[in-house]
Amino acid sequence: MKRLSILGSTGSIGVQALEVVRAHPDAFQVVALAAGGRLDLLTEQVLEFRPHLVSVGTREGAQALEERLRAFPVKICYGEEGLAEAAAYSEAQLTLLAVVGAAGLTPAIAAVRAGKDLALATKEALVMAGALLTAEAAARGVKLLPVDSEHSAIFQCLEGGGRAALKRIILTASGGALRYVPKERLASVTPEEALNHPTWNMGKKITIDSATLMNKGLEVIEARWLFDIDVKHVDVIIHPQSIVHSLIEYVDGSVLAQLSPPDMRLPILYALSYPDRLANAFPTLDLVHVASLTFEPIDRERFPCLEYAYQAVQMGGTAPAVLNAANEVAVELFLGGEISFGQIPQVIEAGLRAHRPGDGGNLDEILAADREIRDYLSHTYRGKVNQGS
Ligand SMILES: NC(=O)c1ccc[n+]([C@@H]2O[C@H](COP(=O)([O-])OP(=O)(O)OC[C@H]3O[C@@H](n4cnc5c(N)ncnc54)[C@H](OP(=O)(O)O)[C@@H]3O)[C@@H](O)[C@H]2O)c1
């Protein structure tokens, strides 16, 4: 029985992780949960999974939860400290990090420092502080287990031939909701259009990142750290069916891929059960039904965000943290109707240009760069509604 702490339990990944736990009651026990503001769902989760610790976003949220769970033996905490406490909870063996964005960095570090294996859905933590997080994990013998379907695919393929003979990683991208929207219309698409993902049902932020392909850019950086590979050996191709989750090429020219239906419960299950594989009743792959698997090159002009991600990781130091912060601000402004879709890359580029990168050697420096660029971009763009593209 593996004891789990699940952070971001009310989100898309968190809910699916709890489905995995529900389907394997003999394999997993939930000892801690953490979420932000969705208290109704969190209350249901506490009553069903009976964790010993639960964290919510705010003090008011914690008070409201206490009211609801008065007769229930659970410790309730809140805020950044609560999230870090849940991440490092003494009873947990493995922490699943599935909060969205930069909020995941501090709990990721807390989990690793407490010696918890870390199943990582929150790619932003690795993007911001890949060197720090991987070094801390290595020093403590902590496993970083990918939840992203692409990185889970690469991780699984590498189990065959090992890291030493790896030549190239090929990440697949669905192309997002706007894949077939003509280039000249892209600048003016609405949040509703960009949120309408063809193959995956995910949280809002990652769905917008998929439409801009920044999600793939963040994944390139994630691959750099998870698999210790120079990004010049990480390629991206479009694969609209989301069946081949990624591929690796070995030095002898052999290419391995991992295939499964587009269902996040599978990579979540493997990250939680690793190194074991557990039988399950989730839908299986029927290739005859899928009929055809297609692949297309990326149009880099259409997707400038991907290029910025390559640039940021090559700049190194605090630049990827700045890229991430600028992207989070841009997505928020777009969803709030304050900038157009076409302005998202402009905000990111402005963020990268405004920042003088430091070496990013410690958490404080990374968090300071994150804050500085958020302040700068919010000040520059907020309240200047849709001034063209
Ligand atoms: N969804 C996918 O299929 C998928 C696939 C691969 C990777 N990922 C990655 O997984 C992460 C989560 O994505 P998602 O789609 O599951 O997002 P989501 O649906 O928006 O859920 C985010 C979760 O984080 C919680 N949260 C947000 N800010 C928080 C804070 N400051 N403190 C505590 N909890 C906080 C939310 O709580 P409340 O809702 O209660 O406020 C919610 O439980 C992202 O980094 C994403 O890139 C997602």
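**Reading domains, a ligand shell and a helix**

Tutor: The shell around the ligand takes at least three residues from each of domain 1 (2-146) and domain 2 (150-290). These domain bounds come from an automatic or database domain assignment. This is a predicted model, in which local features need pLDDT of at least 70, side-chain atom pairs count only at pLDDT 80 or more, and totals for chains, interfaces and linings use all residues. Residues are numbered from 1 along each chain as its sequence is written.

Student: How many residues surround the ligand, and which are the closest?

Tutor: A residue is near a molecule if its C-beta atom, placed from the backbone, lies within 6 Å of it. Here 28 residues surround the ligand, and Gly8, Gly11, Gly36, Met202 and Gly203 are the closest.

Student: Which helix gives the most to the shell around the ligand?

Tutor: Helices are DSSP runs (H or I, at least four residues), as are strands (E, at least two), and both are numbered from the N terminus. The largest share of the shell, 3 residues, comes from α1. Both α1 (12-23) and α6 supply at least two residues each.

Student: What is the make-up of the shell by class?

Tutor: Ala, Val, Leu, Ile, Met, Phe, Trp, Tyr, Cys and Pro count as nonpolar, Asp, Glu, Lys and Arg as charged, and the others, Gly among them, as polar. The shell around the ligand has 13 nonpolar, 11 polar and 4 charged residues.

Student: How many residues of domain 1 are in contact with domain 3?

Tutor: Contact means that two C-beta atoms, placed from the backbone, lie within 7 Å. By that criterion, 9 residues of domain 1 touch 9 residues of domain 3. On the domain 1 side, helix α6 (residues 123-140) gives the most, with 6 residues. That side has 7 nonpolar, 1 polar and 1 charged residues. The assignment places domain 3 at 316-381, and 26 Å separate the centres of domain 1 and domain 3, taken over C-alpha atoms.

Student: Is Asp230 buried or exposed?

Tutor: A residue is buried if 20 or more other C-beta atoms, placed from the backbone, lie within 10 Å of its own, exposed if 12 or fewer, and partly exposed in between. Asp230 is exposed, because 9 other C-beta atoms lie within 10 Å. Asp230 sits in the loop between α11 (214-226) and β9 (234-238).

Student: What do the buried residues of α7 pack against?

Tutor: The buried residues of α7 (residues 149-161) include Ile154 and Phe155. They pack against β7 (144-146), β8 (166-173), α11, β10 (244-250), β11 (255-259) and α12 (265-273). After α7 comes Gly162, with a positive phi near 85°.
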